[in-house]
Amino acid sequence: MIDTHIHADSRSSEDFGMMYTAGIDTAITCSYYPYKIGNELILLNHLNRILEYDTKRAKEYGLDLKVALGIHPTNPVENPEIIYDNLYKWIENEQIVAIGEIGLEDLTEIEIDIFKKQLDIADETKSKVIIHTPRKNKEDVLKEILDILPQHLDEKQAIIDHINPNVVETAINTDCTLGLTVQPQKMTKEKAINILNEYGFDRFLLNSDMSNKPSDPLSVPKTIRELKKLGYDEKEIKKIEENNAKTIFNID
């Protein structure tokens, strides 16, 4: 089982143990710093901490932690060049499975510039991107993302995350993979299952997005078990349990 979007740096090691015991073998941790970042060196330190420290913490509890790094839209820095340089290095060394999470939050000029640049890096390096959509103004921000994205990157390389019932119809008409976040303040497992029931399992990933905000580290296995209890086809369930994620992120 794969949880395709977490924030390991803001969680306890015990969470990793619970996830592994519940059947999650792999998780993808993304960059996000919950406080205001003063400069690019603080952000770089945050990204290196995820790559070098949190992966080791998770491994001690049995969890294989894959990494996505980038500049989150709530963490813009005035001089991001050092982050861009390191993205090239991490991609070349195969240390990350995607650039992420990136995206837009408040539609500021600096957010948009950084988003476009990271899409260009993904295009140049043939990388996947994990794209954040916000809690507020989700539909308007998603439309802006979907306007910018194809101008810089093949949509097939993009995962649009935190999709919910309000915006799924807009996102499903793209070539992007779509992330369903089951989290106390975002979406229930019942709503996620309703989306899968209507649109099928081929285009979706499942995640908890566990972070410093209220989260359920076991929301992915709970959703999978609910699907099994409801009698959905095992082959279809397997797609969002792990197969879709393995394919798009090239995970063995």
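Modeller: First, the terms: strands (E, at least two residues) and helices (H or I, at least four) are DSSP runs, numbered from the N terminus. Keep in mind that this is a predicted model, in which local features need pLDDT of at least 70, side-chain atom pairs count only at pLDDT 80 or more, and totals for chains, interfaces and linings use all residues. Residues are numbered from 1 along each chain as its sequence is written, and side-chain values use heavy atoms, with hydrogens and water left out.

Now the sheet. It is open, with 8 strands in the order β1-β2-β3-β4-β5-β6-β7-β8, paired in parallel; a pair needs at least two DSSP bridges. The edges are β1 (2-6) and β8 (204-207), each with a single partner strand, so one side of each lacks a neighbour in the sheet. From one strand to the next, the twist averages 30 degrees; axes are lines fitted to C-alpha atoms, for helices over the stretch in contact, with angles from 0 to 180 degrees between N-to-C directions.

Strand β7 (residues 177-181) runs parallel to β8 and is joined to it by 4 bridges. T181 has N207 of β8 as its bridge partner. Elsewhere, helix α2 (residues 40-60) packs on the sheet and touches β2 (26-29) and β3 (64-69). Contact means heavy atoms within 4.5 Å. The direction of α2 makes about 170 degrees with that of β3.

Next, the packing. A nonpolar core is a set of buried Ala, Val, Leu, Ile, Met, Phe, Trp, Tyr and Cys residues joined through side-chain atoms within 4.5 Å. Buried means under 20% relative accessible area, exposed over 50%, partly exposed in between (1.4 Å probe, protein chains only). The largest core has 69 residues, and I131 and I160 touch the most other members. Beyond four places in sequence, the contacts of I160 include I131, L142, C176 and L178. A second, separate core of 12 residues includes A98, I130, I159 and A245. C176 is buried, at 1% relative accessibility.

Last, two loops. N137 lies between β5 (129-132) and α5 (138-152); D209 lies between β8 and α8 (219-229). Neither is a glycine, yet phi is positive: near 50 degrees for N137, about 50 degrees for D209. N137 is exposed at 53%, whereas D209 is buried at 4%.
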